[in-house]
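Here's a quick walk through a sheet and a chain–chain contact. Have the viewer open while you read.

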Amino acid sequence: MKQAGLDLGSVNTKLVVLENGERVYSQVIPSRFDSVQAGITLINSYVEKHGEKPEKLVVTGYGRVNFPEGRVITEISCQGRGCHAYFPEQMYILDLGGQDAKVIKKNPAGKVVQFIMNDKCAAGTGRFLDVILKGLDLTADELDSAAAAKPIPINSMCTVFAESEVITMLAKGTPKPEVIAGLFKSTAKRLANFVESVGHPECLIFTGGGAHYSLLVRFLEQELKEKVVIPPEPEMTAALGAALLA
Amino acid sequence: MDNRELWTALGMDLEKHDDFLAPVPAIFTSLFLDRPNRPNAMGYFDAVVGDVHGIRVHELYAQKEAGAKVFSTFCVYVPEEIVVATGSASIGLCAGAQYTVSSGEKVLPRNLCPLIKSTMGFKLDRICPYFQVSDWVIGETTCDGKKKAWEILNEHIPTYVMELPQKKDAKDARLWEEEVREFASFIERETKVNLTAENLAQGIQTINNKRQALQRLANLRKHKPAPIHGLDVLLINQLSFFDDPVRFAAQVNALCDELDLRVKEGIGVAPVDAPRILVTGTPQPLPAWKLHALIEQAGAVVVGEETCTGERYYKDVTEPADNVSDMLTNIAKRPLKVNCACFTPNQGRMEDITFMAENLKADAVIDFSLQFCQPYGVESYFVGNEMEKKSIPFLRLESDFSAEDQGQLLTRIEALLEMIRA
């Protein structure tokens, strides 16, 4: 039997298909402000390759309520389930998605027992990092050298204010790598506080597109003074969880 | 006089008022009237909302023509018994609309509680006939935002401020009793009616009857399946501040009679296994229906409100007494049993919440805080800890009166329900 999980995110839409519990297909495409259409495209291209629709489908993520088929489950439960497949021993999850950040606490059975999400603000979300990094017009070299740079503190966590703070620093001649390092460090600090408002993990699972920023991961480990683990393809765990729940 | 003549007489901005009220009928129809299985006795309350800026305002206007005054309040601590005793009217004011928030921001900081901004906007925009028909606003010092906003509001309407203490020690009770006595003298002066043992006893009785009717309604919600939607009860709680207290109590009791029958026959508005939610925290003033609507849209049922538009308003009554002085003492005692986050410390509130959660068989608690509400926002830490200690699933939500975050709120609510059901 084939079970599919479709995660209709604000930035990317993801599909995972399992056959007898084994992953047989996984695909990501940009949502382009229409995650429902992106989801339909993903399902269609799966059907083209494999001939038929998966028997079971769970849809999750921001666009889930508008998707024409499948059982709807929130990304919180799906994320918990997906992470449990990789890290059954770890209880705390930090998910840094495009539109929101969340901390989830699960129990040893993989069931979500507590969660928090950022409120009414882009601060500390993937979008925040994207906006600022895009504004910096970075080269790959600059991003690499940020790893060795001394982070300059960035105080504003409002996306708009932080952007103007960054512009002021660059105008004053602060080297770009220091600004980038500062951006990741201040985001890590905020995320660490966010995690600790729920609890004090011995080891934190980090998911979502934000987990791809290795410098952010390093600063997060420093701030939490704990180990951070990242599942393979950290942006796919909610879709995987959805497939497992299907 | 028809409604428009009345509104003109009250100096309202008719154009803006039309614009404000235009979407209300459609919203009210979809949120309330279209829902199946509502008790018949909701008809009265629906009719009140159907002409929310009409009938009741006409009554108040007529009362004024006959020589009475109208006093407007924003808080469950204000002793309305005293006002009612003199034959004048005590009403609560609209404070839960996004529409007026931006006008409020003309004179108030943006990062201030939306309830205060909405209130201020209603006055500046002249679109609330209750505000316009009022002679006085009775403010109180429950938070810094309100305390300072009264000074600005006083430029637009005479505002009397009662000082509520911040602790509950003996000296605080003495201060509050003195405030209540001063307020009584102020009301006597303004209404030119002296308080007597007869009229004050009647005032206490009238308001006690109203609170007891609301208690009776609240207590019916502990049954499984829930005999009434939380959203309908929220509406009634909101209207309790506006309506004529005697007629209102009679209508609430009539509703309770109908609900008694439902309970006996096992009839409910939601399946017997629908998750039951207790809402705690800041008030949902009219017309703030968003939170309850979303919770019930997600398939749960709200079984109680530990808020000012709920339990805090009616949980205590005033003890009767033989003479005016003792009555005033007892009137002062009631509010100090109410556990608002403006008090420190406030452990009593944790006990209230735990008791309600158990009594109402709540499956989870949603602690709601209006954005920028410092007392409830900070106290949410203790609510969360207490719920964890009691192993009651808990969700903290923060929002305002706008509609734009409904999707985000619904995601959180649905995740909480998945957590309970899993």
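## Ground rules

This is a predicted model, where local features need pLDDT of at least 70 and side-chain atom pairs count only at pLDDT 80 or more, while totals for chains, interfaces and linings use all residues. Residues are numbered from 1 along each chain as its sequence is written, chains are lettered from A and ligands numbered from 1 in the order in which they are written, and side-chain values use heavy atoms, with hydrogens and water left out.

## The sheet in chain A

Five strands of chain A form an open sheet, ordered E3-E2-E1-E4-E5 with mixed pairing. Strands are DSSP runs of E, at least two residues, and helices are runs of H or I, at least four; pairing takes at least two DSSP bridges. E3 (22–30) and E5 (71–72) are the edge strands of chain A, each pairing on one side only.

E1 (residues 2–8) and E2 (residues 12–19) of chain A run antiparallel, joined by seven bridges. Gln3(A) sits opposite Leu18(A) in E2(A).

## Where chain A meets chain B

Each chain puts 17 residues into the contact (heavy atoms within 4.5 Å). Together they bury about 1,500 Å², 50% of it on carbon and sulfur atoms; that is accessible area (1.4 Å probe) lost on being put together, summed over both parts.

The count is one salt bridge between chains A and B (a Lys or Arg side-chain nitrogen within 4 Å of an Asp or Glu carboxyl oxygen). Glu414(B) and Arg64(A) make a salt bridge at 2.7 Å, N to O. On the side of chain A that touches chain B, helix H2 (75–86) and strand E8 (112–117) of chain A each supply at least two residues, and E8(A) gives the largest share, five residues.

How values were computed:
Buried area is the accessible area (1.4 Å probe) that two parts lose on being put together, summed over both.
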